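Dear colleague,

Please find the structure below, with the findings set out after it.

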Amino acid sequence: MANRLEGKVALVTGGTSGIGAGAVRRLATEGARVAFTGSNTEAAEKLMRETGASFHPHRVESADTWPALMDTLKARYGRLDIAFANAGIEAGDGSVETITFENWNRLLSVNLTGVMLTCQHAVRMMRVNPGGSTGSIILNSSMSAYRPMGNFVAYSTAKGALIALAKSVAMHCANQGMKIRCNSIHPGVVETDMIRTVIERSPDPAAARAQFEAMAPLKRMARVEEIAALVAFLASDEAAFISGSEYGIDGASTAGMMGV
Amino acid sequence: MKNLSGRVALVSGALRGIGLATAERYAAEGASVVLTDLTEPGDSSVKQVLDHLGPAASYQKLDVANESDWQAAEKQTRSRHGRLDILVNNAGIDCTGAVDTLELSAWRKIMSINVDGVFLGTKTFTRLLGETGRTTRFGSSVINISSIMGLVGYAETSAYNTGKGAVRLFTKSVAIEFATKRIPIRVNSIHPGFVRTPLLEIGMRRWVEKGLAAKAQDLIDQIAAATPNGRLAEPAEIAGAAYFLASDDSSYCTGSELVIDGGWTAH
């Protein structure tokens, strides 16, 4: 892999599994020094050994603990060039009729407020990068931003809000004359360990797999590595003119209707 | 090993601007590139570009609005390379003017190049792209160069807006068509904002002739000031996205629109 990200420092939230772990691997492979957060210390240790990245137990929605995390990164790396706001949860979601007020608040606090806090602290650190205010922030939204699911009201709402959040952050940074970019990505169904577990535990795993694969016109799920490749592109200087944009990566899922 | 080694790409409108930058990038990544444009093959400008790109590049005269030109290019590509992995429908012209005075002939001309050209290129090469795609892990890739003018309206730009909007939706339609028929071709569009290209300079000069500015540079400065990122894009920055879409890194992207506009459409 070309060392497209040599000299850059990256932060990946929710980096211990799924798309986050894939991004940690890819960014490290391209030469970035990577820090990642999450709460699964066992998975984190394995990923640290594999990639040389550093792990920082942290919850994105915990506003009070962000300054300490950033102080740690500053002391260790001295700068921040890439922030992949990836941490997100689904558990406890429901329809607008069934979701509890507590679950709504908890899902929004992680999936929306947590991403805002990631942007806030990333911009504050990127602003004072040695050599100039530069950086790339990538928000992991979802195709659910365009095709909300009826039984995931909080998740869908938060993912939709990330479109506007990314543009607002992009505009703020541009208006301030900073070369800090911010974009959102919108994956379709991705074959993560979480999805694999859902498939394996279903009464008819083959049928469950077929159902997930049929969700995209391309008739398969995305691989984690495919999403990580888009993250790496947007993180790199190749994407220097890309800011405030929404990048879909969904095997044509949101391109239109599949027909009958 | 370079990332596009062994791949073959065809780029329309390849002698200038975004097309040339894309051809340069593909050649640098190890691809064989068929450059096409309106210029006669014997013209010194063609020789200059081919000399610069090296033996992996070749040139074919092609008017994108002419179906038999496309058929000739397909025949030539098939016999010379036996495959096509990447098709970049880039050739395009601009057209401005108030809707009430816009000549029908001008409207039809822009549609014939900016819309028919994309359709004919895709149509003519679907078979070869599909055959090639079945021999590679992630299939072939069609990259249509639309514009931010295919996403948002702009005064006195109705014909260009309409054409570029058509390219955006043509892309999505064909992406779904190929995916559902399991034809291994991904199709995506790129939507550049204002890019420092000869096409833009020609457009700017036209505005100057109309007396809307003292000189083209004033207009370019105004555009830069109106762009959130404070500058115009360079053709190589668009070529970077065209490379991403050509490479295996974009293997799950189809029917997508990649906007590269320095924040222009974000506000």
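How many Å separate the centres of domain 1 of chain B and domain 2 of chain B, taken over C-alpha atoms? The separation of these centres is 26 Å. This is a predicted model, in which local features need pLDDT of at least 70, side-chain atom pairs count only at pLDDT 80 or more, and totals for chains, interfaces and linings use all residues. Residues are numbered from 1 along each chain as its sequence is written, while chains are lettered from A and ligands numbered from 1 in the order in which they are written.

Domain 1 of chain B covers 8-195 + 233-260 and domain 2 covers 200-227; the bounds come from an automatic or database domain assignment. Each of the two domains gives four residues to their contact, where residues are in contact if their C-beta atoms, placed from the backbone, lie within 7 Å.

Chain B contains nine helices and seven strands, which are DSSP runs numbered from the N terminus (helices: H or I, at least four residues; strands: E, at least two). Its C-alpha atoms fill a box of roughly 55 × 45 × 35 Å along the principal axes. Of the 267 residues in chain B, 50% are buried, meaning that 20 or more other C-beta atoms, placed from the backbone, lie within 10 Å of the residue's own.

Between the chains, the contact takes 27 residues from chain A and 26 residues from chain B. On the chain B side, helix 6 (158-180), helix 9 (235-246) and strand 7 (257-260) give two or more residues each. Helix 6 of chain B provides the largest share, six residues.

With kind regards

Definitions and conventions. A residue is buried if 20 or more other C-beta atoms lie within 10 Å of its own, exposed if 12 or fewer, and partly exposed in between; C-beta atoms are placed from the backbone.
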